[in-house]
Structures are given as structure tokens and as C-alpha cells.
Amino acid sequence: MAEKKELTGKQKAAILLISLGPDVSASVYKYLTEEEIEKLTLEISTIKNVTADKKEEVIEEFHNLALAQDYISQGGIGYAKMILEKALGSEQATAILNRLTSALQVRPFDFARKADPNQILNFIQNEHPQTIALILSYLDANHAATILSNLPEEMQADVARRIALMDSTSPEVIYEVEQILEQKLSATFTHDYTQTGGIEAIVEVLNGVDRATERTILEGLEKKDPELAEEIKKRMFVFEDIVTLDNRAIQMIIRDCENEDLLLALKVASDEVKEIIFRNMSTRMRDTFKEELEIMGPVRLRDVEEAQGRIVSIIRGLEEAGEIIIVRGGGDDIIV
């Protein structure tokens, strides 16, 4: 009865290495982490007897997975699916690709991530904003930023909002959109609902656009969804990002913020943040702050976060007034 139990992934890996012999297994170990080696060795040590049929079954499964991965590298998941279906039948091909794509974390629109952003723009610029948002949420942030920057201004904020509010998308919708975008290749093979978009996704994209595009998008969002726009702004520059500012900007921030807020913010700040803040203080002020930090007792995390939030608001206000510059990923030109 024990032979009929479904083997775990670790058990299959252990049987495979036993079947391959010590020399090949030793070579495989070179590519594993210490934790993986420890777990696999423990699994191998617990295996007593393996039937020839079971060994053959495991080896065949490994061979099929290896072939599938090779096919994917040659022509994508669609190509691999087509070849495997011809060789093994639809059901077995589906099972193999399911396991493999899960292990590789293959995401939809893989072909689009390898394409030129301008080519993708040509395909999607006339699509519905929701379709564009879905595609951009799967792309590399830099590519998505390039495409978003080149969309019509009246569409940019709408697409950004849809990315931020996107949650999960059904495989059927993803498949349909892929079919539209990918004319010459087969659709990406996927089953599970996939997490897409979200505020972090649009923040990452906006950090890659130029300052003018970012401002246009955020202004558009403020009109349609002020709360969402404010949440995005908060995440675009966090307190720890203060290390990216120049000394003059740091000095202005120290000047404008409350000492109590600065003390609370520094309580849990990294050494790098503390160093750059202290470096821009007077000797007397630095000594006073260090002394007060040493004697400061426990503080509530909420109080620290609120203090950091007030400082970030001051930083954003200084930027809006044109008194400091926050360099974005899009790369504003700065003349010294």
C-alpha cells in the first residue's frame, strides 16, 4: 500500500540522485544551498528500498521536465506545450507544464518583457485603459514607465489608477489579452489567479518616469481619487530615502522639521540615515541629539511612523516649492 502513496518533491529528488549515482549526485550538490543539501541528504538517508518501477517513473518525470524546460528556453511556454502535447498527449503535457511553470514562477506576458517598449506601445495605445493597465502591471517597471510616459496625457492618470487598484485577474482574461498582444506566439500557459498591479506596482513605475510625467499623473489622480493619490505620494518617498538627498536639502529639512519629530524618526533609523543627518547638524546640535537618543526610553512604533510621515510631508513641500530636488529613476537633468 505504501508504494501507492504520492511521493513528495523531496522524495523524488532523493530517488533521482540515488538512481544517478554518487558522482553525478556530487556534481548536483555543487549547485544547491547548504539548507537544500541538508534536507536532501536527510531525505536520502531515510529511503530504504526503491523499486525499479518507481525509479524509472521518477527518472521519466525528470526527463520530461528537463525537456519541457529546454523547449521553453527555445520558444516559450506555448512552443513547449505544443511539442509536449504531440509527444505525450494533452493531459500529461498540461501536468508537466503546470509543475514546471509553478517551479519557475513563469509569469504571463513573458514575450512582452523581452520586446521593445515602443513596439508594445504601438500595439496597446489604442486599447481600453484597463487592458493597458493589465499589461503594464506585468512588465518590467522600467519598460512600463517608458510606455506610461508615452501614452496620451489624458490617459496616463487613468491607467496609473487602474494599476494601483488592480487586485487579481482571471486566467481567461489574461489569456484573451495575450492573444490580442501576441500575434505570432502561443498564449502563455497559466492556471492560477495571479496577483497583479497594486499601489507598490504603480509606485515602482512612477519612480521610473520623468518628473513632468509623474506630476501630470499625480495631478490627474488627485482629481479622480485624492486618497489614492495621497497614498501613492507617501510611498514614492519614504523617510529612509533621505539618504538620496544632497547636504543642502538635508540642512533645510533639519531647519524646517520639529526636533521632537526628528528624534522620534531617528530612534529606529538606519546608521546610514543617522550619519547623514548628524553630518549636517552643528556640533552642538549633534551632541544634544545623540545624548537624547541614548537616554530616550521605548517609544511606540505608531509615534515613530507618524513623525517620519510629518518629515516626509515637509520634504514633499520643499520639493513642490522648488527648494530641493528629489532625483527620480527617470533621470531629471540637473545643472550644477
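The model is a predicted one, in which local features need pLDDT of at least 70 and side-chain atom pairs count only at pLDDT 80 or more, while totals for chains, interfaces and linings use all residues. Residues are numbered from 1 along each chain as its sequence is written, and side-chain values use heavy atoms, with hydrogens and water left out.

The side chain of Arg161 forms a salt bridge with that of Asp225, at 3.7 Å from N to O (a salt bridge is a side-chain nitrogen of Lys or Arg within 4 Å of a carboxyl oxygen of Asp or Glu). Arg161 belongs to helix α10 and Asp225 to the loop between α13 (211–224) and α14 (226–236), so the pair ties together parts 64 residues apart in sequence. Asp225, at 18% relative accessibility, counts as buried.

## Other salt bridges

The count of salt bridges comes to eight. One of them joins Glu323 and Arg255, whose closest N and O atoms are 4.0 Å apart. This pair links distant parts of the chain, 68 residues apart: Glu323 is in the segment after α19 (301–320) and Arg255 in helix α15 (residues 247–256). Glu323 is partly exposed at 33%, whereas Arg255 is exposed at 53%. Arg255, Asp256 and Glu323 are linked in a network of salt bridges.

Asp303 pairs with Arg300 in a salt bridge, with the closest N and O atoms 3.1 Å apart. Asp303 counts as partly exposed at 22% relative accessibility, and Arg300 counts as partly exposed at 48%.

## Packing of α8 and α10

Helix α10 (residues 153–165) also packs with helix α8 (residues 129–138): their axes come within 8 Å and cross at roughly 60°. That makes α8 oblique to α10 (angles under 35 degrees count as roughly parallel, over 145 as roughly antiparallel, 65 to 115 as roughly perpendicular and the rest as oblique). Pro129, Gln130, Ile132, Ala133, Leu136 and Ser137 of α8 meet Met155, Asp158, Val159, Arg162 and Ile163 of α10 (contact means heavy atoms within 4.5 Å). By class, this contact of α8 with α10 has seven nonpolar, two polar and two charged residues.

## Packing of α9 and α12

Helix α9 (residues 141–150) packs against helix α12 (residues 199–206) at an angle of about 70°, with the axes 8 Å apart. The two helices are therefore roughly perpendicular to each other. Ala141, Ala144, Ala145 and Leu148 of α9 make the contact with Ile202, Glu204, Val205 and Leu206 of α12.

Notes
Axes fitted to C-alpha atoms, helices over the stretch in contact; angles between N-to-C directions. Helix = DSSP H or I, 4+ residues; strand = E, 2+ residues; numbered from the N terminus. Nonpolar A, V, L, I, M, F, W, Y, C, P; charged D, E, K, R; others polar. Buried < 20%, exposed > 50% of the residue type's maximum accessible area, 1.4 Å probe, protein only.
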